Every structure is written in C-alpha cells, then in structure tokens.
Amino acid sequence: MSTDMSSEAMKLEPEPSPTPEPPPGEAPFPDMTWVPGGTYWMGSDRHYPEEAPAHQVTVTGFWMDRFTVTNMQYARFVDATRYVTVAERPLNPADYPGALPELLVPGSLVFQKAIGRVDLRDYSRWWAYVPGACWRHPEGPGSNLKGRGKHPVVQIAFEDAEAYAVWAGKALPSEAEWERAARGGLDRQEYCWGDEFTPGGKHLANTWQGEFPWQNLREDGHEGTCAVGSFPPNGFGLHEMAGNVWEWTTDWFQARHTGNKGKACCIPVNPRGPAGADGSKDPGMPRVNIPRRVLKGGSHLCAPNYCLRYRPAARSPQAVESGASHIGFRCIVRPAAR
C-alpha cells in the first residue's frame with residue numbers, strides 16, 4: 001500500500017469550512033440525526049486503488065439513521081408486508097450457468113472461520129454458499145435470531161434493503177452521502193474518529209484482531225456482529241459507521257473515482273456515481289456479469305492482513321442479487337428533492 005499522496009490531490013487544499021448547514025426542523029423519524037451538508041475530501045490515495053483519486057465533493061444535508069437496521073426492525077417490515085427476501089426465493093438455473101444443482105436452491109453466503117492459515121487469494125476457504133441461509137437464519141437452518149434482535153439484519157441483497165427503505169418512507173444513501181456521514185466532520189482522516197486506530201488503546205469499532213481468517217483475538221469484545229450502539233458515535237451522532245457490517249449504497253460500482261481533475265471550480269454536487277449498471281463489475285471477478293453496487297464501512301471480518309476497509313474512504317463491489325452474513329444497511333431522508 002502506498003503512503004504517498006498523488007500530485008493531483010496535493011494541488012487541492014481544503015477550503016475553509018463554512019458554517020454547518022442547520023437541520024430543517026425536527027427529525028422526520030426517531031433515531032435519526034442530521035448530517036450537515038458541505039464540501040469534503042472523498043476517497044483516498046493511501047490505500048486500495050478503487051478508493052482513488054482523493055477528490056472534493058459537495059453534498060446537501062440529510063437525515064440518517066443513527067444505527068443500521070436491526071433484526072427487530074426488519075421483522076416488523078416483513079410482518080407488515082409479507083416480503084420475501086432474495087435469499088429465500090427459488091433460483092432460476094438460467095441465471096447461473098454451470099452451477100452445481102445442489103447450489104441452485106435458496107440460500108446465501110456465510111463466513112466460516114478457517115482452522116488455520118490459508119491462501120488469502122482463495123476466498124472459498126472461508127466463504128460458503130449455505131442453502132437455507134437468510135436473514136432469519138444468518139448462518140443457515142441451524143441458526144436463529146435469539147439474542148440478536150438489536151444486531152444488524154444481514155443476508156440482505158440490495159433489493160431487500162431498498163424495499164425496506166421504501167416501506168419506511170426513507171431512502172438508501174449515495175456513496176458520497178454515506179462517506180460524508182461516516183467522516184463525522186473530520187476531513188481527510190483515516191478513521192471515523194481520527195487518524196489513530198485505537199486511541200489510548202481503546203477499540204472504537206467491531207473489527208477483526210489477529211490473523212484473518214483463522215485467528216480472532218476478540219480484543220474489541222466481539223466475535224461476530226454486535227448490537228447496534230455498542231461503540232461510541234462519530235461527530236454526527238452515528239454509530240458503527242466502521243466495522244460490524246458493510247452497508248449498501250445506491251451507487252453503481254466503478255473501479256476508480258471520477259474525481260474533479262484537480263479543478264477547484266468543478267467540485268461535483270451530490271454526485272451519484274455511474275448512470276447505469278454497464279461496466280459495474282468486480283475487477284477481481286471480470287468474467288462475472290452480475291452488476292455491482294458500492295458497499296461502505298467494512299465489517300467485523302475486516303483485518304489489516306487482508307481487508308483494511310473499516311475506513312470512510314474504503315469501498316467494495318457487491319453483486320446486487322447477493323447478500324452475505326456481514327452485509328446490512330441504514331437509511332436516510334433527504335429534506336427536499338434534488
């Protein structure tokens with residue numbers, strides 16, 4: 001990983017911060033907090049290539065859920081609407097040419113801890129497609145939600161998150177909105193709370209300590225997901241914007257940020273990423289044609305030796321039709337149409 005800032009990024013110095021945009025009245029729903037609009041540096045030139053180039057963007061203020069959507073909240077949605085998630089629906093064999101017949105059944109991806117060191121280029125050593133895995137049974141048919149009512153709902157595909165947001169009278173955030181919120185007012189810093197990962201030796205996010213994927217030292221007190229609100233909020237009052245679970249955004253994935261080509265006059269306002277799904281592939285899986293949306297925030301499975309992505313700038317491509325045992329979401333409300 002390079003620690004050098006690109007010459008393009010160095011040309012742009014942060015503008016003096018204007019007075020924060022005040023909230024337009026009371027929050028529209030309980031447990032939402034105001035994320036003031038403004039201009040900030042999005043992305044990073046210090047880590048993974050898909051985060052570059054660091055560039056300035058401007059977003060308009062919005063309300064955001066303080067916590068990711070929980071199992072209890074998603075259960076209320078399903079009870080009210082009888083919604084069936086993607087992981088619970090029959091599969092069409094035509095969509096998965098060459099797939100083994102035993103895998104063409106409803107299910108989802110589940111993390112399975114390795115028993116020792118493995119080849120980190122082969123994710124099948126710790127991920128498995130488990131028939132019957134879904135939001136009600138996150139690890140498969142033998143698992144349930146007992147004691148996890150306040151944990152983030154997982155095994156949620158993009159369509160499932162969007163359906164909940166519409167039912168709740170909310171929306172899913174764009175990548176630029178999500179990153180603005182995650183930074184909590186701290187511009188160009190590594191983490192949601194500053195540049196030091198464990199200030200004073202204190203863990204501020206649910207991540208993986210030890211050698212992934214076999215050794216989790218649990219120094220933060222958690223092996224898997226944790227209840228929402230387990231860690232302190234960031235500067236905007238938002239909890240677990242790093243670690244715990246990855247979160248869906250509405251942007252189609254592209255391999256690099258477009259940036260603003262070093263021109264301070266051309267800072268984009270409320271950018272939404274690519275206009276369509278064309279080209280939204282995972283660079284690591286170029287032959288797979290399923291379009292990808294951007295995930296943000298990292299998860300409890302992120303570790304320095306494999307996935308240092310519990311940072312606001314970090315991003316990951318995720319197939320729209322697939323959830324996993326470490327993917328959830330939270331919602332926003334924009335005060336006016338843009």
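**View 1. Pairing of strands E2 and E3 in the predicted model.** In this predicted model, strand E2 (residues 38-42) runs antiparallel to strand E3, and the two are joined over 5 bridges.

**View 2. Burial of strand E3 on both faces.** Strand E3, spanning residues 55-59, is mostly covered, with 5 of its 5 residues classed as buried. In a regular strand, side chains alternate between the two faces of the sheet. In E3 one side carries His 55, Val 57 and Val 59 while the other carries Gln 56 and Thr 58, and all of these residues are buried, so that both faces of the strand are covered.

View 3. A polar atom of the Asn 234 side chain lies 3.1 Å from the backbone oxygen of Ala 182. Leaving aside residues up to four places away in sequence, Asn 234 touches Ala 181, Ala 182, Arg 183, Gly 184, Cys 192 and Met 241.

**View 4. Pro 232 in the loop between H4 and E7.** Pro 232 is found in the loop between helix H4 (175-183) and strand E7 (246-252), where its relative accessibility of 41% makes it partly exposed. Residues up to four places away in sequence not being counted, Pro 232 is in contact with Lys 202, Leu 204 and His 239. Gly 279 is 47 residues from Pro 232 along the chain, and the C-alpha atoms of the two are separated by 38 Å.

Conventions. Residues numbered from 1 in each chain as written. Predicted model: local features only at pLDDT ≥ 70, side-chain atom pairs only at ≥ 80, totals over all residues. Heavy atoms only, no water. Helix = DSSP H or I, 4+ residues; strand = E, 2+ residues; numbered from the N terminus. Buried < 20%, exposed > 50% of the residue type's maximum accessible area, 1.4 Å probe, protein only. Contact = heavy atoms within 4.5 Å. Pairing = 2+ DSSP bridges. Polar contact = N/O pair within 3.5 Å; in protein donor to acceptor, adjacent residues only side chain to side chain.
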